[in-house]
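Trainee: I am new to this structure. Can we go through the terms used for it?

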Amino acid sequence: MPARTAKTGGGSVKLNCRTFHSHNQGIWLVWLHGLLGTGDDWSPIVNACDQHPSLVVDLPGHGNSVDVNLTGGFAEMSELLMATLTEYQINDYCLIGYSLGGRIAMYHAIYNKQDGLRGLLVEGGNPGLFSQQERDVRLRNDQHWAQRFRQEPMMLVLADWYQQPIFADLTTAQREQLIHLRSQNRGACIADILENTSLGRQPWLFPALQRISIPFSYLCGENDRKFQSIAQQYRLPLTTIPQVGHNAHYGNPVAFASAVNYFLSLFG
């Protein structure tokens with residue numbers, strides 16, 4: 001389905017979304033990808049979750065939403081997401097987000113004051129950094145990467161990006177495939193959203209997540225040591241995806257889809 005125009009406080013913007021299985025009744029699944037990805041990343045999972053209608057979103061600066069310029073950080077992103085859901089007349093929904101998409105989903109669940117959100121599934125999303133010092137360090141690091149994305153060839157930056165410890169579980173073939181896929185991005189657009197949604201600008205969400213009243217599951221690859229540690233430290237409702245690292249839905253889509261479908265079965 002082509003993009004629609006969603007109106008926000010900043011005017012009209014186009015956020016590209018596609019619908020799947022829209023003939024089904026019940027709770028909508030709203031899918032938010034990670035940095036450098038597109039909504040297409042979710043295709044195997046969406047196909048395996050075909051008992052529910054799905055809305056697959058391209059985040060600002062990505063995919064067919066590449067011309068959407070996000071300048072107001074998480075608050076603007078949450079407003080844009082809400083306007084998009086309203087445009088599609090989606091009133092009851094579950095948010096499913098990976099990495100950056102997971103952080104956006106958590107922020108939206110906590111700060112958006114409306115009643116339509118029925119469930120929250122987060123894959124490898126960081127609930128935030130506790131101290132201002134940690135946030136300042138992270139912001140400087142993200143600004144460094146943003147500068148590289150703006151100034152250097154995409155393939156060169158991505159070759160280094162996927163050498164970060166969080167991606168250590170990737171095979172050489174997987175790493176090369178991701179570099180090829182992600183090289184279609186525009187460096188300046190990635191830089192803009194990386195800075196605007198830096199973990200250094202994100203609120204510390206954990207205390208509010210402890211009090212969240214909707215069903216909530218935190219999905220994490222068993223080899224993702226960093227996020228396994230975060231889940232255990234803060235006692236998040238962890239579901240482990242076997243034999244994979246940070247990008248669990250990419251590495252083991254069958255197990256990931258099974259975990260999502262089990263979570264959805266709890267809705268009755």
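Mentor: Start with residues 29–258. In this predicted model, that stretch is 46% helix and 13% strand. Its end C-alpha atoms are 15 Å apart.

Trainee: What does UniProt list for residues 29–258?

Mentor: An unreviewed UniProt entry lists them as "domain: AB hydrolase-1".

Trainee: Why is α4 called roughly antiparallel to α5?

Mentor: Take the angle. The axes of α4 (residues 132–151) and α5 (residues 154–161) cross at roughly 150°. They come within 8 Å. Angles over 145 degrees count as roughly antiparallel. Therefore α4 is roughly antiparallel to α5. The crossing is right-handed.

Trainee: Which residues of α4 and α5 meet?

Mentor: From α4, W145, R148 and F149. From α5, M154, L156, V157, L158, D160 and W161.

Trainee: What makes R186 and D67 a salt bridge?

Mentor: Set the distance against the cut-off. Their side chains meet at 3.1 Å, N to O. A salt bridge needs a side-chain nitrogen of Lys or Arg within 4 Å of a carboxyl oxygen of Asp or Glu. So the pair qualifies.

Trainee: Where in the chain do R186 and D67 lie?

Mentor: R186 is in the loop between α6 (172–182) and α7 (187–196). D67 is in the loop between β5 (54–57) and α2 (73–87). They are 119 residues apart, and the pair links distant parts of the chain.

Trainee: How many salt bridges does the structure hold?

Mentor: Nine.

Key. Residues numbered from 1 in each chain as written. Predicted model: local features only at pLDDT ≥ 70, side-chain atom pairs only at ≥ 80, totals over all residues. Heavy atoms only, no water. Axes fitted to C-alpha atoms, helices over the stretch in contact; angles between N-to-C directions. Helix = DSSP H or I, 4+ residues; strand = E, 2+ residues; numbered from the N terminus. Parallel < 35°, antiparallel > 145°, perpendicular 65-115°, else oblique. Left-handed = near helix turned anticlockwise from the far one by under 90°. Contact = heavy atoms within 4.5 Å. UniProt positions renumbered as here; feature names shortened; annotations may be inferred.
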